Amino acid sequence: MEAYVYDHVRTPRGKGRPDGALHEITSVEMATQLLKALQSRNDLDTGLLDDVIIGMAQPVGEQGGVLARAAVLQAGYAQTVAGQQIHRFCATGLDAVSLIAAQVHSGMIQAGIGGGVESMSRTVMGYDSGAWTSDPSVAFSNYYAPQGIGADLIATLDGYTREDVDNFAVESQRKAAHAWENGYFKKAIVPIKDVLGDVVLDHDEHMRPGTTLESLAKLKPAFEGFGKAGFEAVAKAKYPEIEELNYVHHGGNSSGIVDGAGLVLVGSKEFGEKAGLKPRGRIRSYANIGSEPTIMLTAPAAVSRKALKAAGMTEKDIDLWELNEAFASVVMRFQRELNVPDDKINVNGGAIAMGHPLGATGAMILGTVLDELERRNAETGLITLCAANGLGTAAIIERV
Amino acid sequence: MKTMRLEKAEDGFAILTLDAEGSMNVVNDAFIADMEAATKQIVADESIKGVILTSAKKTFMAGADLKQLVNGFGTLTPQEAYAFSKRATDMHRAIEQSGKPWVAAINGLALGGGFELALACHRRILVDDAKAQVGLPEVNVGLLPGSGGTVRLGIIAGMKIALDLLLSGRSVGPQEALKLKIVDEVVPADKLIDAAKAWLATVPDPVKPWDVKGWTPPQKKGLTVPEDSAAYMMYTGGLAKVGYNQPAPAAILNSVFHGLQLPFDKALAVEGKYFAKLLTDPVARNIIRTTFISKQAAEKGARRPEGFPKFEAKKVGVLGAGMMGAGIAFVSANAGIDVVLIDRDTATAQKGKDYSAKVLGKLVEKGKLTQDKADAVLARITPTDDFALLDGCDMVVEAVFEDTAIKAETTKKAEAVLPAQAIFASNTSTLPISQLAQASRSPDQFIGLHFFSPVDRMGLVEVIMGKQTSKETLAKGLDFIAQLRKTPIVVNDSRGFYTSRVFQMLIHEGAAMLAEGVPPAVIENAAKAVGMPVGPLALLDELTLDLPLKIVDQAIAEEGDKYTPPAGTAVMRRMKDEIGRSGRKTGGAFYDYPEGGKKHLWKGLADHFPVKQDWDVEELKKRYLYAQAMETARCLEENVLETPQDADLGAIYGWGFPAWTGGTISYIDTIGIKKFVEESDRLAQLYGPRFLPSAWLRDKAAKGEDFYTPASETRVKEPMPA
């Protein structure tokens, strides 16, 4: 059984702060508006869908209680459509798509929607916490350190200077601005409306086009405080080759805190025929992996190899790579490890420029890659994300 | 009851006075049995309306008896340790659930078990006296404050204050205790009992908040509260600064984490389980045995030969006013001893005295000493170049340049003036005492007193017995060290004595790793990871390479081919002779010292010592510990050392061997001698004969003989509070 991508949508990304345009929009409302858009733009008989999996990195409060089911009902979908919530930190959005694809691949379902949502302005990072960071017995023996320490650790080990990572950030901003100017995201974006039906946001609000090395140089390193409070000692315990941690990351070269959602419609061939839809892409493979949890963010290379192996492909077979820009050093390490040239990865910018709505990003960037493959008339794309506690996910798509 | 007495009064307020035999009250089996009985009696006696708990000693209660706690490891199962802990927990619970109000009238120091007892009372009134410190210092002995200490402090003071006190082991004076709300009232000493009675007269409710139905634990919402979750994350990260060798801080954090979430009795049970794990862990045993029991025993004369009258130095000559001489002059004058400080001219001697002025000035500045007292100390030091002033000295300490001829000349000049009975001590750190004693008119009165630098901060003195040094001279030397309030160890004469000899193993091991291709940062971090305060390369930079190389050269000169130069010799020679970097004083060896910046490892090292990638930090950590432990075992075999206590104290206080091990010899006992020998054989195969166990050690291993025997524990007779 093959699993095809029929459509994908995403919200614009709003600043994840009280003054962000999406702050008044709840997470379930973002998901609802996307579900409605998928239905209406495809004239979709929702009774053909079996399952909707929507993940988030903070499945608590208004994002808890199986938000997917609430959104399904809120969007007026057939009540037979099941709902599920998943959580694999930042891997969530892509993993939700993979799980729909897996059910289609197995023949147990015909179609479903996978993706994620995160209102970081409303469900602040840390609401979910968990044993891995905060139960002393677990966090201590697992050598937990915050992600920013992991990012600076990568930079220290690989010798990336502040200028290197800032340069990376400048490029992300430049590429994102260029993509927006040329309308590359237009097809995927669903403007979000308020209770009156007026659009509150139709573009990515976090971007800072025109960012330069000089403007970034003014920013103070963000994670030195964590380091000095003890986490540099944690990092050294795991990586004794570090004389001291080089603190190079800050808000300007790390992923932005934003609100947003993304969904991907996946189904079998028969589903497409019944729904009268033409498949746009095929999901070749997907994989998850765990890696060393203190440095936390280095799984993408290994999980990409795993996905390539599952698809019977090699690095050479991939036309476009997309690795979530959690931190500049994450992508730099990945490119070095898999020998990926700059012009093949994150070609339309990434989360440093546009923001990273944790649980939603994976679905969003899968859509970005599919659109770009179509625009370039290229064939294959590999999407991957690093995730907390050493997790990583990847999926390979191919145009049909 | 032997440890307390209960007196009833007409007003119905009984006074329970802690008054054990000896100078202080400690928590031990006798105390617990008495307290259980007293509590029962109080509950049963309807005429008693309230209880004032106080002490007949200067202190309230100083803690648990470490002599009992040191035996937890190896004798108790964790379950037995839990039962032991639960008995004290139940004792406190019986007090707070007695149905009668108890007020702790804390008349002095209340630490550890003493403050836990006060926390179990319904009110705490503390005497307004700076010496009346309260706190829970158990973390310092590798334990946690059991019997409700972490739970009650957490609830009473809140997570933040409780963890600050519990993780630091810091005790606080009356005003801070009041501010932190860990005591309810602070009153002058003569008002203590009145204040207690006044409170009891208000007919207070004897039910603790947590025993009221409907009480919810302060952090019942657990990690769903983001601020609490973030706080525990930060505290856990902070543990890494202490390192990963000591289980107590993490156990304390876990106890508080659970203690604030669980119902009270469940919280006590969890705390008791963590306590039991620590009590049966060798780390607590090691810390308690060496840094408390052996240390105090040494200070109280464990190694002093019996049968000689107590010696008191009233006037001491210090020969040589360099860094060591100046320090020795200071600590002597500070102990009330008159000092004649001699150097080649008065100006140089005066410079040595200036050091005391500097140290005293800082103390005055910080408000720790009055100007009068500082002046009095200074007035005791007479700087001079005139040996005649040594007349009437009870002893001299020689601290001149490390050269046999110069020392011999100095000895003769001093002895020409010294009274016949005066003893002569040399502060040499390298030259054999027996050889130096040849210059003395009475080698039996000649002894080595090896002080450590800086003398005013380093507590250890390594006493070196020359071949002819008499027992009487040893007794006098130890009495002098006791006057200085320092900790002595006693060793026999040989090259490097004990501390310098084994310390060489550390720095040579680090240097040797560099030649093997271990990255320099790993060399340093591996040493710090086992708990050494400073990495070996940084130590070498401070020492300069000249010093260890001089020791090697001297040994080659004396022994020739029989001598095997230590492991790092080649690296040190290359650094000094070929690369031209020999230490910090000359601009840096392994480190660079940028002006106005932080020192960092010299980047050029990689060009001379190419880095390999296949190092294993666990193996490096083991090599540091094993190399030093093995050399210490040799010192015992060769009778350079006579007791495991001297070995362990010297290691911890002499060169900073990590306290969690208990010292170099406790480390072997902790691993188990059989395993130590097996593992050493493996290391010897891979890294060289310095790890090879001797026939003597193999024989001990075959017999399964520990270095510490039950007999080694008998050096202390008094109970010792935590």
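The answer below starts with that sheet and then turns to other parts of its chain.

Modeller: The model is predicted, so local features need pLDDT of at least 70, side-chain atom pairs count only at pLDDT 80 or more, and totals for chains, interfaces and linings use all residues. Residues are numbered from 1 along each chain as its sequence is written, while chains are lettered from A and ligands numbered from 1 in the order in which they are written.

Start with the sheet. It is open, with 8 strands in the order E12-E11-E10-E13-E14-E15-E16-E17 of chain B, and its pairing is mixed. Strands here are DSSP runs (E, at least two residues), helices likewise (H or I, at least four), numbered from the N terminus. Two strands pair when DSSP finds at least two bridges between them. The edges are E12 (381-384) and E17 (487-492) of chain B, each pairing on one side only. On average, neighbouring strands are turned by 25° against each other, direction ignored.

Now one pair. E10(B) (residues 315-319) and E11(B) (residues 338-342) run parallel, joined by 5 bridges. Opposite Leu341(B) of E11(B) stands Val318(B).

Helices cover parts of the sheet. H14(B) (residues 346-365) lies across E11 and E12 of chain B, at about 155° to E12(B). H26(B) (residues 644-655) also packs on the sheet. That helix touches E16 (460-465) and E17 of chain B, and its direction makes about 120° with that of E17(B). Contact means that C-beta atoms, placed from the backbone, lie within 7 Å. Axes are lines fitted to C-alpha atoms, for helices over the stretch in contact, and angles run from 0 to 180 degrees between N-to-C directions.

One loop of the sheet deserves a stop. Pro454(B) sits between E15 (446-451) and E16 of chain B. Its peptide bond with Ser453(B) is cis, with omega about -10°. Most peptide bonds are trans.

Next, a helix elsewhere in the chain. H11(B) (residues 264-279) has 16 residues, which at 1.5 Å each should span 22 Å; its end C-alpha atoms are 22 Å apart, so the two agree. The expected span is 1.5 Å times one less than the number of residues. Buried residues of H11(B) include Phe264(B), Leu268(B), Tyr274(B), Phe275(B) and Leu279(B). Buried means 20 or more other C-beta atoms within 10 Å of the residue's own, exposed means 12 or fewer, and partly exposed is in between; C-beta atoms are placed from the backbone. The buried residues of H11(B) pack against H2 (66-69), H3 (78-96), H5 (149-157), H10 (248-259) and H12 (282-299) of chain B.

Then an annotated stretch. UniProt, in an unreviewed entry, places "domain: 3-hydroxyacyl-CoA dehydrogenase C-terminal" at residues 496-593 of chain B. UniProt positions follow the numbering used here, feature names are shortened, and annotations may be inferred rather than shown by experiment. Over residues 496-593 the chain is 62% helix and 2% strand, with end C-alpha atoms 30 Å apart.

Finish at Leu683(B), in H28(B) (residues 673-687). It counts as partly exposed because 19 C-beta neighbours lie inside 10 Å. Lys622(B) is 61 residues away along the chain, yet the C-alpha atoms of Leu683(B) and Lys622(B) are 9.2 Å apart. Leaving aside neighbours within four places in sequence, Leu683(B) contacts Arg623(B), Tyr626(B) and Phe691(B).

Terms used. Two residues are in contact if their C-beta atoms, placed from the backbone, lie within 7 Å.
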